[in-house]
Amino acid sequence: MVLTPEESVRQTCLLHLMDLGYAHKQIAVEKSIKVNTLIRRFDILVYDRQGRPYLLVECKAPAVRLSQTDLDQMSAYQYNLNCQLTWLTNGHTHHIHRFNAENRKAVDSIPKDLIKGS
């Protein structure tokens, strides 16, 4: 694996998630999903105890300024995966959102693992 700037951000996110108590077996890295008719790859996906998508993480290189295009990409992935949380980051700027049936709400941080025991 080459440690590109984006990969450095991804590895930092993985360490942060494990520090929060998320188990390695709950986490998938760089897996393919179908978005409309296209095959795309997410960076990190954390599953809950029942194996349902819980937290989607999209990482960009530190030099990348996060844009509406990046938020749209994250939204398309979230729509297909139906995650409760999303985290878009370049390592400096973080956009974290919680989703429910009615809306999307910005939150300040990723919660500690509330799904232990999986």
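Me: What makes the contact between Asp43 and Arg10 a salt bridge?
Reply: Their side chains meet at 2.2 Å, N to O. A salt bridge needs a side-chain nitrogen of Lys or Arg within 4 Å of a carboxyl oxygen of Asp or Glu, so the pair qualifies. Asp43 lies in the loop between β3 (38–41) and β4, and Arg10 in helix α1, so the pair ties together parts that are 33 residues apart in sequence. Helices (H or I, at least four residues) and strands (E, at least two) are DSSP runs, numbered from the N terminus.

Me: What kind of model is this?
Reply: This is a predicted model: local features need pLDDT of at least 70, side-chain atom pairs count only at pLDDT 80 or more, and totals for chains, interfaces and linings use all residues. Residues are numbered from 1 along each chain as its sequence is written, and side-chain values use heavy atoms, without hydrogens and water.

Me: Why is Arg10 called buried?
Reply: Its relative accessibility is 4%. Buried means under 20% relative accessible area, exposed over 50%, partly exposed in between (1.4 Å probe, protein chains only). Arg10 therefore counts as buried.

Me: How do you know that Asp70 and Lys60 form a salt bridge?
Reply: The N to O distance is 3.8 Å. That value is within 4 Å, so the pair counts. Asp70 is in helix α2 and Lys60 in the loop between β5 and α2, ten residues apart.

Me: What makes strand β5 largely enclosed?
Reply: Six of its seven residues (53–59) are buried, so the rest of the structure largely encloses β5.
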